[in-house]
Amino acid sequence: MKEEAEVYEKVRRAMVTEDVTEKKGGLAFGLTFVSEEEPKMPPRRLTELKKENFEKWRDDQEKVQSQKQKLAQQRREEALIQKKIEVAHKEMERLEKYVNLGVQ
C-alpha cells in the first residue's frame, strides 16, 4: 500500500494538463506524463532479433505480394479470354441465323 502511494504521488506530481478545451458535448484536454526514472533500453540481443525478424517479414511480404499480383494478372487474362469467347459465341449465333435462312 505504501508503494502504491509513493507511485501515485510520483505520477500525480509529474502529470501536467495541457490545452484544456471546452466544446459542445464535453471537455477535451491533453495529459503529459514525465518520468523521474531514466528510460531502460531493451537488451541488444532482443533488438537484433527484431531487426532480423523484420527483414524476414519484409521478404515474406514481398513474395506474398508478388504472388498476389501474378494471380490477379492471371485472373484478368482469364476473364478477358472468357469475355472474348462469349462475344464470339454470340457472333456465331447471329451468323448461323443467316446461314440457316439461306439453306431453306
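The model is a predicted one, in which local features need pLDDT of at least 70 and side-chain atom pairs count only at pLDDT 80 or more, while totals for chains, interfaces and linings use all residues. Residues are numbered from 1 along each chain as its sequence is written, and side-chain values use heavy atoms, with hydrogens and water left out.

The side chain of Glu55 meets that of Arg58 in a salt bridge, with 2.9 Å from N to O; the term stands for a side-chain nitrogen of Lys or Arg within 4 Å of a carboxyl oxygen of Asp or Glu.

## Arg94 and Glu91

By the rule used here the model holds two salt bridges, and one of them joins the side chains of Arg94 and Glu91 at 2.6 Å, N to O. Arg94 and Glu91 are also both in helix 2, three residues or about one turn of the helix apart. Arg94 has a relative accessible area of 39% and is partly exposed, and Glu91, at 35%, is partly exposed as well.

## Chain and confidence

The chain contains two helices and two strands (DSSP runs numbered from the N terminus, H or I of at least four residues for helices and E of at least two for strands), and their order along the sequence is α-β-β-α. Of its 104 residues, 1% count as buried, and the accessible surface of the chain is about 10700 Å², 56% of it belonging to carbon and sulfur atoms, by the Shrake-Rupley method with a 1.4 Å probe.

The average pLDDT of the chain (the predictor's confidence in each residue, from 0 to 100) is 77, with 62% of the residues scoring at least 70. Among the elements, helix 2 has the highest mean pLDDT, 87, whereas strand 1 (residues 16-23) has the lowest, 61.

Technical notes
Buried < 20%, exposed > 50% of the residue type's maximum accessible area, 1.4 Å probe, protein only.
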